[in-house]
Amino acid sequence: MATRRRTAREFQAPPLSRADVEALSARYNEPDWLRQQRLAAWDLYESLPMPTTKEEAWRRTDYRHINWESAGILAANGGGARFEDIPAGSREPLLGEQQGAMVAFINDRLVHQESAPALAEQGVIVSDLRAAVKEHPDLVRQHLMTHAVLPETDKFAALNAALWTHGVFVYVPRGVQATLPAHSIFYATQPAATLGHILVVLEDGAQIDYLHESLSPTLGADASYIGVTELIVGAGANLRFVNLQDWGHHMFEFSHQRARVAADGQLDWVTGQMGGKLVKAFMEIDLDGQGSWGRMSAVYFPSGEQFMDLDTQQNHNAPYTTSDLLFKGVLKDSSRTVWQGMIKALPGAQKTDGFQANRNMLMSDQARADSIPGLEIQANDVRCTHASATGKIDEELIFYLMARGIPRQEAEKLIVDGFFVPVLDRIPFESVRERMMAYVERKLLGNN
């Protein structure tokens, strides 16, 4: 009697083609250099394998359950989309009382763009990336996937290089201190694929505050966001970047986010991760110049069956550089997180000061958090340390609060709020702290 052989489901690629690349480029009448760049990236994409759990970086992230029949089809350019369709709270200024610039997309469609005259007078550009390709070709061509995230990084990076559907370009000229903040939104409303790209360039001595939000309602079928964020901080420049993610529970995110910081430059990078069905995000800082400084702070709170894999890297490529990372997460229900962190100090990167800490609090017996710090030190005069801890919410403390008349749900909220305070204290924007705590309260109440 013959036995039936069970075959494991393979890691499949989305059903996209070179024709999709050519059609996208033609639709927006792109210049020849960008079309050629896209096609070269597509050839690279086809030559690269899909990441699998056999690779160390993906060993704990199995995304084979994604339905590419919906999540691998490019989102349709909906002509009826309006800026007002984006939730009102996300359209409000969060980095101050006045909005300096706003660029907003629904799926791949630009639905709103504005910039205050004060920024234009300073030469600051906050633009739809598609428009910037034509209006500022030299600037975009110089920096688009040439210095930070490279197409050859992996299959998903190459796919974004070939098929980014929409994006934001932020540019601050040499020595300019932007007087008003920038704000952008990616809002996804279709069970489809969107490929967003953020390119931020600060010339030497420049400064700006920039908030980006990614969000969607929960839909009835799988969707994907295949994104790239590039932050290029010049010598003596200062970028404060806030990235808030609140996808619906149907979204698979595969993203590469990388910063390059030149001598004496400073990057303060804050992340809030709340949504998504599965999130695989690579977040990397390269401290390229002497005296450069980078700080990464994150709050994440998965619930239900959400899965988040946050892979961070702090690369010290020059002497007298400083990095500081603090990621804190609370997990509910049967959610799972993976944090993999690495501090690297290259030969010659003496006087490096690198620190990373990851702490997790579990609110159920089914939740699981894997915390994997790492050091790779090739210099002999450094101070590099790491710390991680995972534990259950303190039932004794909950009992103590309930014994004083505080309902359990409110007691849990007090404990969770206190757990996140060390990260929230790093955020210099009160409205951002309030938004993050609103996310936390919604999660605690089970409103997903």
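Contact here means heavy atoms within 4.5 Å. Helices (H or I, at least four residues) and strands (E, at least two) are DSSP runs, numbered from the N terminus. Axes are lines fitted to C-alpha atoms, for helices over the stretch in contact, and angles run from 0 to 180 degrees between N-to-C directions.

The structure is a predicted model, in which local features need pLDDT of at least 70, side-chain atom pairs count only at pLDDT 80 or more, and totals for chains, interfaces and linings use all residues. Residues are numbered from 1 along each chain as its sequence is written, and side-chain values use heavy atoms, with hydrogens and water left out.

**The sheet**

Two strands pair if DSSP finds at least two bridges between them. An open sheet of ten strands has the order β2-β1-β5-β8-β10-β12-β14-β16-β18-β21, with mixed pairing. Its edges are β2 (109-115) and β21 (383-392); each has a single partner strand, so one side of each is left without a neighbour in the sheet. From one strand to the next, the twist averages 5 degrees.

Helix α11 (residues 430-444) lies across β8, β10, β12 and β14, and runs at about 20 degrees to β10.

A residue is buried under 20% relative accessible area, exposed over 50% and partly exposed in between (1.4 Å probe, protein chains only). Strand β10 (residues 238-246) has nine residues, and seven of them are buried, so the strand is largely enclosed by the rest of the structure.

Strand β8 (residues 207-215) pairs with β10 in the parallel sense over nine bridges. Tyr-210 stands opposite Phe-241 of β10, and His-212 has Asn-243 of β10 as its bridge partner. Strand β12 (residues 266-273) also runs parallel to β10, joined by eight bridges. Here the bridge partner of Leu-244 is Gly-272 in β12.

**Two buried residues**

Ser-214 is in strand β8. Its relative accessibility is 6%, so Ser-214 counts as buried. Leaving out residues up to four places away in sequence, Ser-214 touches Phe-186, Leu-244, Gln-245, Asp-246 and Trp-247.

Ile-232 belongs to strand β9 and is buried, with a relative accessible area of 9%. With the same exclusion of residues up to four places away in sequence, Ile-232 touches His-143, His-147, Leu-199, Val-200, Val-201, Leu-202 and Arg-260. The C-alpha atom of Ile-232 is separated by 9.6 Å from that of Tyr-171, 61 residues apart along the chain.

**Cavities and pockets**

Rolling a probe the size of a water molecule over the atoms shows where empty space is left. On a 1 Å grid over the protein atoms alone, a cavity is a set of points where a 1.4 Å probe fits but cannot get out, while a pocket is an open set with protein on both sides within 12 Å along at least five of seven lines; lining residues have an atom within 4 Å of a point. Grid points are joined across faces, edges and corners, and a volume is the space filled by probe spheres set on the points. In the linings, Ala, Val, Leu, Ile, Met, Phe, Trp, Tyr, Cys and Pro count as nonpolar, Asp, Glu, Lys and Arg as charged, and the others, Gly among them, as polar.

Three cavities of 30 Å³ or more are found in the whole structure.

| Space | Volume | Lining residues by class |
|---|---|---|
| Largest cavity | about 110 Å³ | five nonpolar, nine polar, one charged |
| Largest pocket | about 380 Å³ | nine nonpolar, eight polar, five charged |
| Second largest pocket | about 250 Å³ | seven nonpolar, nine polar, five charged |

The largest cavity has 15 lining residues, and Ser-214, Tyr-225, Thr-229, Asn-243 and Gln-257 lie nearest its centre. At least two lining residues come from each of β8, β9 (223-233), β10 and β11 (251-261).

The largest pocket is lined by 22 residues, with Ala-57, Phe-282, Asp-311, Thr-312 and Gln-313 nearest its centre. Two or more of its lining residues come from each of β11, β13 (278-287), β15 (307-316) and β17 (336-345). Strand β17 gives the largest share, four residues.

For the second largest pocket, 21 residues form the lining, and Leu-215, Ser-216, Asp-246, Tyr-439 and Arg-442 are the closest to its centre. The elements giving two or more residues to this lining are α4 (88-91), β8, β10 and α11. Helix α11 gives the most, with four residues.
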